[in-house]
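This report describes the fold of one protein chain for a reader new to structural analysis. Please keep the sequence and the model in view while reading.

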Amino acid sequence: MKITVFGATGGIGGHVVQQALEAGHKVVAVVRASSSYQVEDPSLEVFRVSGLTEAGPLLEAVDGTEAVISGVGPRGRKDGPVASGSTRSILAALSETGVRRFVAVSAAPLGPAAPDESFLNRRLLLPMINAFAADVYADLRVMEADIVSSDTDWTIVRPPKLTNKALTGKYRTAVGGTVARGYTISRADVAHLMLAAIDDPAMVDQPVGIAY
């Protein structure tokens, strides 16, 4: 299929592009005009934009695509409300072009604590994580609310701490919930799940937790 990837220069988005190409898909990688993005492939189209603050410049990137994956998010606590503003523009472009399938990355702390989560994690670790990155998670909550209220067939993937380890394809998921005692996941495996989610009807209109 044809897949448009936002955040293609990021850790997760880069893996999405690579894995999608290896699977035989056609890919449109949306990158900033100032980016030195140098990935080349006969099935890859690089679409350069000045930013993601408006839907208009994104219409051509998503028009005619069958699914859109967004790896857009802050790379640090000081990046500000990156996810919500960018995603709002992406959603507007999808609505304008009639593209329905949308998969976006968020974060595990936005999900409910798993029923069998440990007492220590529930009472100490999770509250500490939420307090440490409160601004980032507030931005992601706005993003998730916009996605849920959109007219897309959405999936929100919620990973815990991200690592740069290799793709394994072996991880736990929780459709509609959070993986208990799930502490880490590689960016490559998050990308793997996001691609798999496109064709999984059980993940449509659902948040999905992922962790090892």
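## Basis of the model

The model is predicted; local features require pLDDT of at least 70 and side-chain atom pairs pLDDT 80 or more, while totals for chains, interfaces and linings use all residues. Residues are numbered from 1 along each chain as its sequence is written, and side-chain values use heavy atoms, without hydrogens or water.

## The chain as a whole

The chain contains six helices and 10 strands; these are DSSP runs numbered from the N terminus, with helices (H or I) of at least four residues and strands (E) of at least two. Its radius of gyration is 16 Å, close to the 17 Å given by the globule rule for 212 residues, so the chain is as compact as a globular protein of that length. This radius is taken over C-alpha atoms, and the rule is 2.2 Å times the number of residues to the power 0.38.

Of the 212 residues, 48% are buried, where buried means under 20% relative accessible area, exposed over 50%, and partly exposed in between (1.4 Å probe, protein chains only). Among contacts (heavy atoms within 4.5 Å) between residues at least 6 apart in sequence, 68% join residues at least 24 apart.

Strand S5 spans residues 101-105, and five of its five residues are buried. Arg101, Val103 and Val105 lie on one side, with Phe102 and Ala104 on the other, and both faces are covered.

S5 runs parallel to strand S4 (residues 67-70), to which three bridges join it. Strand S6 (residues 153-158) also pairs with S5 in the parallel sense, over five bridges; pairing requires at least two DSSP bridges. Phe102 is the bridge partner of Val68 and also has Trp154 in S6 as a bridge partner.

## Residue Phe6

Phe6 belongs to strand S1 (residues 2-6) and counts as buried because its relative accessibility is 0%. Leaving aside residues up to four places away in sequence, Phe6 touches several others, including Val30, Leu52, Val68 and Ile90.

## Helix H5

Which residues of H5 are buried? They are Val136, Tyr137, Asp139, Leu140, Met143, Glu144 and Ile147. Seen down the axis, the buried residues of H5 fall within an arc of 155°, so they line one face of the helix. The arc is that of the directions from the helix axis to the C-beta atoms.
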